[in-house]
Amino acid sequence: MIRTYVHKHKINNEKQNIVRSVVVAYRATCAAIAHAQWRTFFEGDFFNKMADVKNISSKLSERYKRNCCYQVVGALKSFISNRQNDFSKIVYASSLNAETKKHLFQINRRKLWFAKTDDNFTVEELFLARKIFKKILSRHRKPSFRYVNMQLNSNVAQITLSDKKESPEFHYWIKLSTLESGKPIMLPILENAYFEKLGGDLCESVQVNFKDDEIVVALVKDVPEKKLSFQMESLAIDIGLRNLFALNTGDIMGRNFIDTLKYYNKIISKLSANRQRQGLDVKSKKYNSLVRKLRAWIRNEVGRLLNRIVKRYAPKKIVIERLDFRNQGLSRWMNRLLGNFGKGEIIRKLKTLKEEFGIDYQEINPAYTSQQCPNEECGYVDKSNRLTQDKFVCKCCGLKGNADVVGAKNHLARSSDKYLSNIFLPRKKVLEKLVMRFLERQSCHRSLANGLLAGNIYFREARVQPKLVA
């Protein structure tokens, strides 16, 4: 289990300037390597961390350039993996015939979007796959290495324990290669008590970055997995902005989460507007400080609440909805931050819990879970079931409850439903299945007024004609 922790240091200004020059060259080299990797990718080949980088113009040594290549390829592969999911979603929701869909899924799995020919697929299928993937790429920004954090291996950054007799105040020294061959510098690193108590093995890896013109150094450890006695099989969470987490058990955590978001949204938007009126760049020291505070608060809140959930329930699996953080009361900037950073923090924390305790997590299709009755004998779906943001009352069976908790209960039920749990299933298909299942139950039709079914827009949208009670 790999963990990274920031360490304080006593690096003087002269050495910081040298490190800064390395960082500038490192970022430029990463950008050049990324450009070359994309060119290879669009020619139908894969990203290759062992690609020849000797022709890449750089102030860095060949060892540094190889380190850059490792980091760039890792980032690009992660980006493409996400685009593969987008591809599957588009194909799944399309009106293409089953055979074409099957072949497109195979092309996607084998990453043959830019292959000109292949014995298993027609030229038309490869062309269609290429067209779909290009469209997907046009909707997403490619990874930028303009502010990349240097992730250095032992070829260019060697970690040694400090000799306490010679330098008692330092715990580590990092021997860092510079732009001048044969002239490395020694960076003094202070002790991080928490890092040392963790146990595990120190990795031969160093992360270096600059924030507000100050160097930031982090060391990496391979920490042993923690043991946890599971108390329940599955726990479902409904994620929102007003209340961050609502559990199928009835617990609500992170109440009024959106109030803090609105506070930051107001002051950051006001600061941005003032600077724009003055013809200044939106980003400034104050702006960056506020954004960092907001990010840190979101990260801490997500971590704190998920840790509490694990401590209280110790579930073997956590079920969440496929996230979509948006709110009309927030600015476009804030919604973008929540959609990227906020959503990413929850997934990152869930991955951490999986590494630490072996707690698995599952994302499910959230379509209509906040409007569907969780009663297994009912399952009636209607927009008017959700009377308010908090209140849920089923128009069919009368079940009442907190709307977010109802959503969590539906998440849990959907996690074991092979058809509805499919995150790529279009909303229309989800609705059709929910309506058909409700009609097939025949459990509460006799007690329903004809107007309830006839007036439900969802039944018309699903193109299902219910048999009204005489």
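## A walk through the model

Start with two helices: α3 passes α4 in a right-handed crossing, meaning that the near helix is turned clockwise from the far one by less than a right angle. This is a predicted model, in which local features need pLDDT of at least 70 and side-chain atom pairs count only at pLDDT 80 or more, while totals for chains, interfaces and linings use all residues. Residues are numbered from 1 along each chain as its sequence is written, and side-chain values use heavy atoms, with hydrogens and water left out.

**Stop 1: the helix pair.** Select residues 98-109 for α3 and 123-138 for α4; their axes come within 10 Å and cross at roughly 65 degrees. Helices (H or I, at least four residues) and strands (E, at least two) are DSSP runs, numbered from the N terminus. Axes are lines fitted to C-alpha atoms, for helices over the stretch in contact, with angles from 0 to 180 degrees between N-to-C directions. Show side chains next: T100, H103, L104 and I107 of α3 meet E125, L126, L128, A129 and I132 of α4. Contact here means heavy atoms within 4.5 Å.

**Stop 2: the four-stranded sheet.** Now colour β1, β7, β6 and β2, which form an open antiparallel sheet in that order. Two strands pair if DSSP finds at least two bridges between them. β1 (2-7) and β2 (150-153) are the edges; each has a single partner strand, so one side of each is left without a neighbour in the sheet. On average, neighbouring strands are turned by 30 degrees against each other, direction ignored. Zoom in on β2 and β6, joined in the antiparallel sense over four bridges, and find M150 opposite V208 in β6.

While you are in β6 (residues 201-211), pick S205. With 22% relative accessibility, S205 counts as partly exposed; that class lies between buried (under 20% relative accessible area) and exposed (over 50%), using a 1.4 Å probe and protein chains only. Beyond residues up to four places away in sequence, S205 touches L152, I159, A218, L219 and V220.

**Stop 3: the three-stranded sheet.** Select β3, β4 and β5, an open antiparallel sheet in the order β3-β4-β5. The twist averages 25 degrees from one strand to the next. Five bridges link β4 (residues 172-176) to β5 in the antiparallel sense, and K175 stands opposite M186 in β5.

Which residues have the most contacts inside the largest nonpolar core? They are V19, Y26, F87 and L152, in a core of 59 residues. A nonpolar core is a set of buried Ala, Val, Leu, Ile, Met, Phe, Trp, Tyr and Cys residues joined through side-chain atoms within 4.5 Å. α1 gives the most to this core, with eleven residues. Leaving out residues up to four places away in sequence, V19 touches L176, I185, L187, V208, F210 and I215. A second, separate core has 38 residues, including I309, I318, L337 and L353.

**Stop 4: a loop residue.** Finish at Q371, in the loop between β12 (360-364) and β13 (391-393). Is Q371 buried or exposed? Q371 is buried, with a relative accessible area of 17%. Its contacts, leaving aside neighbours within four places in sequence, include Y380, D382, F392 and Y458.
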